[in-house]
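Welcome to a short tour of a protein model. Please look at the sequence and the structure first, and then read on.

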Amino acid sequence: MTNMFRIAIRSARLDKTVFQEIGENPASVLYGVGIVILVGIALSFTLTGGPITNLNSPPKFDELVNRLLSMWLTIMTLLVGWMLWSSIAYILAGKFLQGNGGFRSTVRSIGISYSPGFLLILTPMPVVGDPVSIIALLWILIASVVAIHEIHNLDWLGSIMSTVTGWIIALIILPTVVIGAQPM
């Protein structure tokens, strides 16, 4: 677990070597899964209004079930978005632009690129919430561009072109359609 957090911090700092290490280590896919799940938990706290704060009375069963279902739906949406984004990035970078990276290394590197998404837990805070969420989403995009640049050995323009489309679908459109459609 400690190693996953070190990798997440290095990814958020845009350390190019971490993407190369992740791309070469097949077992590191678990780090990507863990990071995406933790970001999903952070995002679900945002959508449900944060953790349960009224400790004077136990939470109602319906409220607890709704929160758990919302968390599950958020995590599943992010996992599906991650695979969709990785597939799009691989097709564009690896096949269309003739990049060197494989599909699995693309999946692993984009998974750890989600690490700035931990900031999404701050979204419910008044005044700073919206700017922080925008910064987090853009930071994820930048980290993934660096990851694709390193994994596929593309130029920066090719890395941007092969990453932005998947980012829009995975982190903007898919969560808005799936998570935004549910009653809160």
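## A covered helix

Let us begin with helix α5, whose buried residues are Ser-105, Thr-106, Val-107, Arg-108, Ser-109, Ile-110, Gly-111, Ile-112 and Ser-113. Here "buried" means under 20% relative accessible area, while "exposed" means over 50% and "partly exposed" is in between (1.4 Å probe, protein chains only). Helices are DSSP runs of H or I with at least four residues, and they are numbered from the N terminus. With nine of its eleven residues buried, α5 is mostly covered. What do the buried residues of α5 pack against? They pack against α1, α2, α3, α4 and α6, where a contact means heavy atoms within 4.5 Å.

## How to read this model

This is a predicted model, in which local features need pLDDT of at least 70 and side-chain atom pairs count only at pLDDT 80 or more, while totals for chains, interfaces and linings use all residues. Residues are numbered from 1 along each chain as its sequence is written, and side-chain values use heavy atoms, with hydrogens and water left out.

## The nonpolar core

In soluble globular proteins, nonpolar side chains tend to be buried together. A nonpolar core is a set of buried Ala, Val, Leu, Ile, Met, Phe, Trp, Tyr and Cys residues joined through side-chain atoms within 4.5 Å. In this model the largest nonpolar core has 36 residues, and Trp-85, Tyr-114 and Leu-171 have the most contacts inside it. At least two residues of this core come from each of α1, α2, α3, α4, α5 (103–113), α6 and α7.

Which residues does Trp-85 contact, leaving aside its neighbours within four places in sequence? They are Ile-110, Tyr-114, Ile-140, Ser-144, Thr-163, Gly-166, Trp-167, Ala-170 and Leu-171.

## The largest pocket

Rolling a probe the size of a water molecule over the atoms shows where empty space is left. On a 1 Å grid over the protein atoms alone, a pocket is an open set of points where a 1.4 Å probe fits, with protein on both sides within 12 Å along at least five of seven lines; lining residues have an atom within 4 Å of a point. The largest pocket has a volume of about 310 Å³, where volume is the space filled by probe spheres set on the grid points, which are joined across faces, edges and corners.

The lining of the largest pocket has 16 residues, and Leu-43, Leu-47, Leu-137, Leu-171 and Pro-175 lie nearest its centre. Helices α3 (29–47), α6 and α7 (156–178) each supply at least two residues of this lining. By class, the lining has eleven nonpolar, five polar and no charged residues. For these classes, Ala, Val, Leu, Ile, Met, Phe, Trp, Tyr, Cys and Pro count as nonpolar, Asp, Glu, Lys and Arg as charged, and the others, Gly among them, as polar.

## Salt bridges

A salt bridge is a side-chain nitrogen of Lys or Arg within 4 Å of a carboxyl oxygen of Asp or Glu. How many are there by this rule? The count comes to two. In one, Arg-10 pairs with Asp-15, with the closest N and O atoms 3.0 Å apart. Asp-15 is partly exposed because its relative accessibility is 22%.

In the other salt bridge, Glu-21 pairs with Arg-10, and here the closest N and O atoms are 3.0 Å apart. Glu-21 lies in helix α2 (residues 16–24) and Arg-10 in helix α1 (residues 2–12), so the pair ties together parts that are eleven residues apart in sequence. Through shared partners, the salt bridges join Arg-10, Asp-15 and Glu-21 into one network.

## Spots on the helices and loops

Val-80 is in helix α4 (residues 61–96), and its C-alpha atom is separated by 7.9 Å from that of Ala-170, 90 residues apart along the chain. In helix α6 (residues 129–152) you can find Ser-133, which counts as buried at 14% relative accessibility. Ser-133 touches Leu-120 and Thr-123, not counting residues up to four places away in sequence.

Now for two loop residues. Val-127, in the loop between α5 and α6, has a positive phi of about 70° although it is not a glycine. Val-127 is exposed, with a relative accessible area of 79%. Asn-153, in the loop between α6 and α7, has a positive phi of about 55° and is not a glycine. Asn-153 counts as exposed at 53% relative accessibility.
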